[in-house]
There are 4 protein chains.
Amino acid sequence: MNAKDLTGQTIALAASGGLDTCTITHWLTQQGVKVVAITGDLGQPDETDFGAIEKRMRACGAVDFVGIPLQKELAELGMEGVQAQTCYESRYWLTTPYGRQVTALGIFAEMKKRGLKIFSHGCTGRGNDQVRFHLAANMLEPDFEVYAPWRDGDFLEKFGGRIQMIEYCEKNNLPIKASREKPYSTDANLLGLTHEAGKLESLLTPAHFVTPEMGVWAEQAPDKTEACSVRFEKGLPVAINGKPVDTLKAMTLANEIGGRNGIGIGLHMVENRFVGVKSRGVYEAPGMELLGSAYAFLLQLVIDRRARELFASLSDHISKQLYQGYWNDLATRMSRKAVAEITRLATGTISVSLYKGNVSFAGAEDVPHSLFSKDGSMEAEGSFDHKDSEGFLGVLGVHGRILARAGQV
Amino acid sequence: MNAKDLTGQTIALAASGGLDTCTITHWLTQQGVKVVAITGDLGQPDETDFGAIEKRMRACGAVDFVGIPLQKELAELGMEGVQAQTCYESRYWLTTPYGRQVTALGIFAEMKKRGLKIFSHGCTGRGNDQVRFHLAANMLEPDFEVYAPWRDGDFLEKFGGRIQMIEYCEKNNLPIKASREKPYSTDANLLGLTHEAGKLESLLTPAHFVTPEMGVWAEQAPDKTEACSVRFEKGLPVAINGKPVDTLKAMTLANEIGGRNGIGIGLHMVENRFVGVKSRGVYEAPGMELLGSAYAFLLQLVIDRRARELFASLSDHISKQLYQGYWNDLATRMSRKAVAEITRLATGTISVSLYKGNVSFAGAEDVPHSLFSKDGSMEAEGSFDHKDSEGFLGVLGVHGRILARAGQV
Amino acid sequence: MNAKDLTGQTIALAASGGLDTCTITHWLTQQGVKVVAITGDLGQPDETDFGAIEKRMRACGAVDFVGIPLQKELAELGMEGVQAQTCYESRYWLTTPYGRQVTALGIFAEMKKRGLKIFSHGCTGRGNDQVRFHLAANMLEPDFEVYAPWRDGDFLEKFGGRIQMIEYCEKNNLPIKASREKPYSTDANLLGLTHEAGKLESLLTPAHFVTPEMGVWAEQAPDKTEACSVRFEKGLPVAINGKPVDTLKAMTLANEIGGRNGIGIGLHMVENRFVGVKSRGVYEAPGMELLGSAYAFLLQLVIDRRARELFASLSDHISKQLYQGYWNDLATRMSRKAVAEITRLATGTISVSLYKGNVSFAGAEDVPHSLFSKDGSMEAEGSFDHKDSEGFLGVLGVHGRILARAGQV
Amino acid sequence: MNAKDLTGQTIALAASGGLDTCTITHWLTQQGVKVVAITGDLGQPDETDFGAIEKRMRACGAVDFVGIPLQKELAELGMEGVQAQTCYESRYWLTTPYGRQVTALGIFAEMKKRGLKIFSHGCTGRGNDQVRFHLAANMLEPDFEVYAPWRDGDFLEKFGGRIQMIEYCEKNNLPIKASREKPYSTDANLLGLTHEAGKLESLLTPAHFVTPEMGVWAEQAPDKTEACSVRFEKGLPVAINGKPVDTLKAMTLANEIGGRNGIGIGLHMVENRFVGVKSRGVYEAPGMELLGSAYAFLLQLVIDRRARELFASLSDHISKQLYQGYWNDLATRMSRKAVAEITRLATGTISVSLYKGNVSFAGAEDVPHSLFSKDGSMEAEGSFDHKDSEGFLGVLGVHGRILARAGQV
């Protein structure tokens with residue numbers, strides 16, 4: 001789809017008020033497209049002042065602006081990520097994809113209220129976010145059309161990259177804050193923050209090149225251990241350090257506590273994008289890392305070997321589905337339902353000690369479904385009969401010897 | 001099998017020279033069993049002085065003693081663990097199970113030389129090590145018998161636990177070093193060290209209760225960043241900090257470098273034993289953690305999404321097989337062959353910076369099979385055509401809308 | 001546990017009234033154990049006449065007899081097997097394990113009513129059924145004890161096998177029906193029938209050695225095609241050939257229709273028992289095969305590639321869990337919840353034609369969640385834009401070429 | 001890429017000599033493109049007479065024609081499919097994808113000899129075959145370009161479907177054999193045959209609507225059982241019915257024997273194409289089904305539970321990779337190496353009896369690596385100690401009770 005097909009129509013644009021969406025709004029308006037700019041408040045540092053964003057977007061030509069509060073929704077989805085331990089390729093807490101899902105839902109609801117049917121966004125044509133928005137739209141609102149300037153030949157001809165956009169905005173006196181010198185780009189919400197592109201595209205640039213925004217590098221963290229406890233009930237954090245919290249509060253508090261101790265700050269990763277190319281990122285997610293570590297300690301007590309194996313594969317599955325934009329399909333729903341069976345057992349208080357990037361186990365209490373028992377003790381306690389092992393191994397050994405005698409070893 | 005069935009026979013005993021094997025050797029000798037004590041040198045701190053161990057074992061009644069050098073074999077197997085990223089339940093580098101395999105192979109070879117057919121060990125009847133030794137024997141030497149005192153009713157009746165053994169040794173003037181006060185037990189080899197039992201069986205005991213032996217807690221590590229680079233060729237470390245190494249040297253050097261910076265020190269875990277009970281451990285593996293982290297950064301560059309997914313599941317598979325004692329069966333062989341296809345691509349130099357328990361990516365060079373390329377760049381470079389994404393998403397979107405229209409979302 | 005520990009106590013014995021349970025009842029009674037014989041009606045050909053069984057069991061010494069109707073429960077569980085397509089090692093419909101679960105539940109409920117706490121069964125010490133009963137008891141009623149004569153040294157000493165039991169029963173005038181000549185043993189319920197042991201233990205014995213009991217071999221089936229249609233609603237069969245059915249009726253009708261056409265009759269399999277040895281069976285399950293095939297045709301229309309992949313692995317998972325006796329644990333519950341998400345989409349009418357062992361697709365109608373659409377047509381219809389494939393392949397191709405240029409192909 | 005970009009250049013066209021490739025050749029020639037038509041002999045019924053095809057292609061304007069014998073290569077690849085039991089979505093033997101790989105390799109070699117760099121094919125823009133050819137080219141010959149008329153807007157504008165091509169050919173007097181009435185389309189090679197499109201796109205059309213070409217429907221097969229034995233050595237068939245064969249001969253003989261008994265004939269399937277839409281096919285693969293069934297019986301004897309589980313997942317993996325065109329990547333290579341470990345154990349003679357579509361096990365002999373042994377016998381033979389099960393279950397039961405007492409059941 002091209003901008004020229006849209007002349008005279010009204011579209012909804014997912015807008016952060018940054019360089020991209022300012023440029024797009026102005027350029028589309030020039031082509032006769034009416035742009036309703038919509039911003040979700042995901043708790044990102046720079047994008048929660050709806051008044052300022054509205055001002056900028058209207059200055060760029062937007063016919064209307066809508067700000068949608070989404071922090072609670074995002075925290076709750078992020079907490080489900082903690083429960084499912086969703087780390088893409090074992091590392092990335094998927095903070096941006098969760099944000100995209102929440103944003104899409106919020107914007108689509110607004111669009112339906114207003115009768116809008118064309119959804120537009122500023123994601124590039126090489127990344128994953130375009131896929132997430134596109135599939136969310138196709139699955140949730142199959143009658144919507146999606147228009148992406150970064151896949152529009154006319155737009156691409158004019159704007160090859162960041163530099164051309166800055167020049168365009170300067171020429172048109174658009175109120176952008178971007179500077180020419182920014183050495184990499186950043187995407188943020190309350191769950192986490194990703195740095196990529198720019199100088200980070202060189203593998204000679206160390207992870208430490210990045211300046212953390214949600215906390216500090218371990219080197220800058222205090223040289224003393226901070227104790228922290230989290231009380232989970234049925235998978236949800238209900239108290240931190242004994243103080244009652246709801247999920248949003250838990251996430252913001254965990255961000256603070258984790259961030260100041262360098263937890264989950266500055267994780268380097270070269271990941272496989274859905275479109276088949278590698279991408280390098282440096283990630284921050286102090287709250288998810290802190291809550292996720294505590295939750296992992298709890299899971300170790302609560303799920304047995306068989307459930308753990310299945311959980312591990314479902315966790316990978318959900319992570320991949322979310323990363324690739326398939327959050328809303330049947331397969332994801334199946335995995336989420338399976339994981340929910342575990343979540344309802346996840347009650348307990350986990351204590352950890354935090355020190356310069358390290359989360360160390362400090363204790364577990366009040367875990368009603370714990371499987372940890374005296375039966376595993378090496379001393380003579382519990383119901384486990386050492387002699388039973390003779391039979392156990394006798395049974396296993398028959399198989400071992402059959403293998404050997406069949407020439408299979 | 002009971003000791004009384006062995007009277008007059010000669011058996012091989014896997015002996016560390018510690019409390020257990022001293023007690024067992026003396027008790028068996030008293031029953032008329034001839035014990036050949038065999039110790040493998042796995043680089044464990046206390047068990048490499050063959051002279052001292054021999055003296056202790058003979059004092060306990062052993063008719064002979066054999067010391068077998070196994071450090072090189074163990075380092076090489078451990079390095080295969082790095083290549084396959086074998087972490088049981090995502091955390092434990094499986095340092096003890098690798099040790100058991102190497103020990104079993106070494107002892108079985110010695111037994112065949114001497115015509116011995118009864119293999120004995122001091123592993124308890126609730127743990128995993130008995131299974132590893134038992135299955136290794138059944139698969140590799142199906143004509144051997146395995147005798148385990150901790151599954152022998154007569155032995156169990158006399159020795160309920162540590163305390164009774166110490167009393168027995170004291171009464172019989174056996175040269176043990178164990179003290180009654182040791183608050184937990186430790187198993188060590190050059191790959192790593194595990195602490196368990198004793199006070200660690202309480203979940204109120206923090207991980208920090210343990211005193212590290214292969215390095216220091218992050219709190220005690222130097223307050224400055226140490227740079228480290230590892231050159232891998234076809235999966236093997238050939239230089240560290242520019243200095244050529246073989247695999248054994250790489251592992252010992254990595255232990256030193258990692259250990260002094262608190263890398264891989266003091267990891268708490270409640271794991272699922274094969275026999276179905278939970279067990280709590282605190283682990284050290286500084287070298288494997290350091291080499292393993294560097295290797296993981298290399299793999300990120302070299303394997304694509306499809307290979308990565310398969311690798312992740314094979315890595316879990318090998319870990320589980322090894323943990324459960326199935327290292328020598330067909331299934332493990334299959335997975336190892338598959339992983340070897342990746343290993344031959346794993347060439348490159350990875351730089352990391354180490355700081356108080358943290359391993360941070362600092363650079364990658366000379367990676368001939370790297371898939372990281374300009375095609376993923378967000379700027380207008382590389383062969384990736386942004387407009388192709390329009391078609392790509394068009395194709396994906398057909399499916400998305402079909403789902404929606406079939407009422408599946 | 002040995003019989004002598006039970007003298008004077010009352011136990012519940014899962015009893016079919018066959019050779020094994022007659023022998024066990026009499027032998028236990030002789031040792032002073034009071035046996036309450038309990039039989040579940042699972043629709044097995046020989047075991048539904050409670051009056052006759054009661055007479056036999058009392059003649060053997062049972063102090064009481066209980067018959068429990070379980071056909072409905074079994075049919076419903078079997079139907080869940082159809083929905084999850086649970087075939088152990090891709091072949092066996094797991095008819096016996098489903099029977100064991102239903103029997104265990106029925107008997108445990110009766111035991112609790114009567115205050116009995118010792119559960120006994122006649123399963124041998126090499127098979128899977130002992131594991132299923134044992135784990136069901138341990139998980140569902142952890143305070144019950146399980147006594148299995150075939151693991152009791154005293155019993156084993158007296159009864160090495162079938163022959164000794166027959167002699168014992170003849171000597172004691174017990175009313176058994178077994179003959180010395182039976183060339184294999186059979187276990188049956190309304191879901192299916194398994195033949196094993198005896199002459200079947202030779203791999204030179206063809207599958208056709210067996211005489212089917214739930215239908216006929218393809219060779220004996222009519223030489224004409226029979227049409228059959230099944231209407232499923234949310235995963236349940238609600239009509240067969242247009243005639244309304246409940247689940248039990250569907251299963252029995254499908255047994256008849258399938259059986260007479262040789263469907264699912266006489267499947268040979270050498271399977272891996274949980275205890276690590278191979279076992280050879282010849283199986284019959286005409287109803288599950290017929291309903292299962294029709295259901296598979298329906299699933300082909302309803303689930304997309306991603307859901308299908310997950311379903312396939314969950315189906316294998318459930319099959320293995322059930323086979324190994326872990327039906328009641330968390331992992332199984334997780335998989336069942338995931339599969340239930342699919343089941344609620346499984347509505348449609350599937351027509352098949354049956355001919356001498358073959359089930360051929362004959363049509364599908366009224367499938368509201370079908371994903372089969374004009375978009376896959378090779379002709380110029382539907383919403384799929386052929387040209388989009390250019391972009392789709394452009395995107396995929398970037399990756400393909402990166403692989404090639406990195407020397408990875 | 002469009003035809004107009006190719007004017008004056010010489011391209012290689014994968015040509016079967018059918019309606020599509022005749023049309024394409026003529027149309028491209030008219031645009032000034034020089035077409036070298038290349039046909040692989042894959043043993044397909046209509047496409048092995050190189051003389052006739054050459055005549056047709058030259059009549060359509062081809063500047064040259066090359067016929068490449070590929071039957072041996074295809075049979076060998078197909079046999080690897082038997083070894084890995086590659087059935088897409090559990091049903092389809094992937095006969096066409098194997099053919100595409102072999103064809104691509106043959107044509108690319110010829111192109112390199114001639115210095116050609118543009119590869120063209122007549123696969124449509126909604127199917128899987130375009131992906132297979134495209135990715136094979138990108139991975140194996142990254143410097144080649146791929147031109148696909150069915151993704152060329154100019155071509156699509158002129159030729160919407162089959163009817164327009166026939167009219168075009170008739171108008172231009174091209175020597176096509178296609179008739180307007182063909183009710184579905186067919187793709188064939190010596191491994192198998194697929195029917196799709198046309199009337200098959202209605203789900204009201206039964207599978208029996210198709211006329212088999214590699215054998216007969218079960219209804220038309222002889223009313224008597226045919227015995228057949230296959231001797232495998234290290235995974236390869238070396239004798240059928242006692243008569244020595246090489247792999248190609250084995251495949252053709254198995255096609256004959258299987259085909260005349262209705263084995264693997266007329267399998268209906270609605271499958272998930274890579275591009276995300278459903279596609280309905282009716283498949284024939286009598287030789288692969290016959291050899292595959294015999295091989296499956298052999299595998300049942302040779303691989304243990306752990307290897308079987310891994311094999312099952314690798315088999316699915318290879319099937320999916322092949323189906324989606326990723327045959328040549330690292331992940332496929334990993335899986336193939338793993339499966340090769342099993343293949344070298346696959347020696348034995350399997351007898352089956354064939355009757356109207358049914359393959360029944362009739363015996364197994366000379367299987368040196370068989371794991372089937374007396375240890376599984378229900379009678380008192382073998383090394384399995386029934387009493388060991390008491391310990392085995394004691395160990396398992398501890399876990400069962402822990403679950404129960406933790407409120408997890």
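Which side chains meet in a salt bridge at 2.9 Å, N to O? I will come back to that pair in a moment, after a word on how to read this model.

What we have here is a predicted model, in which local features need pLDDT of at least 70 and side-chain atom pairs count only at pLDDT 80 or more, while totals for chains, interfaces and linings use all residues. Residues are numbered from 1 along each chain as its sequence is written, chains are lettered from A and ligands numbered from 1 in the order in which they are written, and side-chain values use heavy atoms, with hydrogens and water left out.

Let me begin with the interfaces. The opening pair is A:Glu341 and C:Lys337, where a salt bridge is a side-chain nitrogen of Lys or Arg within 4 Å of a carboxyl oxygen of Asp or Glu. Between chain C and chain A the count is 4 salt bridges, and the contact, meaning heavy atoms within 4.5 Å, takes 31 residues from chain C and 31 residues from chain A. The size of an interface is often given as the accessible area lost when the parts come together. For chain C and chain A the buried area is about 2500 Å², 64% of it on carbon and sulfur atoms; this is the area, taken with a 1.4 Å probe, that two parts lose on being put together, summed over both.

Turning to chain A and chain B, we find about 9400 Å² buried between them, with 56% on carbon and sulfur atoms. Here 107 residues from chain A and 107 residues from chain B take part in the contact, and the count is 10 salt bridges. One joins B:Glu309 to A:Lys320, with the closest N and O atoms 3.0 Å apart.

Next, the helices, which are DSSP runs of H or I of at least four residues, just as strands are runs of E of at least two, numbered from the N terminus. In chain A, helix H3 (residues 71-84) packs against helix H11 (residues 330-343) at an angle of about 75°, with the axes 10 Å apart; axes are lines fitted to C-alpha atoms, for helices over the stretch in contact, and angles run from 0 to 180 degrees between N-to-C directions. That makes H3(A) roughly perpendicular to H11(A), given that angles under 35 degrees count as roughly parallel, over 145 as roughly antiparallel, 65 to 115 as roughly perpendicular and the rest as oblique. Among the residues making the contact are A:Leu77 of H3(A) and A:Val339 of H11(A).

In chain C, helix H8 (residues 247-260) and helix H9 (residues 286-302) cross at roughly 95°, their axes coming within 7 Å, and H8(C) and H9(C) are therefore roughly perpendicular to each other. Residues in this contact include C:Ala254 of H8(C) and C:Leu290 of H9(C).

Finally, chain D, where an open sheet of 5 strands has the order S3-S2-S1-S4-S5, with parallel pairing; two strands pair if DSSP finds at least two bridges between them. Strand S3 (64-69) and strand S5 (145-147) of chain D stand at the edges with a single partner strand each, so one side of each is left without a neighbour in the sheet. The twist averages 30° from one strand to the next. Within this sheet, strand S1 (residues 10-14) and strand S4 (residues 118-120) of chain D pair over 2 bridges in the parallel sense, and D:Leu13 stands opposite D:Ser120 in S4(D).

Another open sheet of chain D has 5 strands in the order S10-S9-S8-S13-S14, and its pairing is antiparallel. Its edge strands are strand S10 (243-244) and strand S14 (358-365) of chain D, each pairing on one side only.
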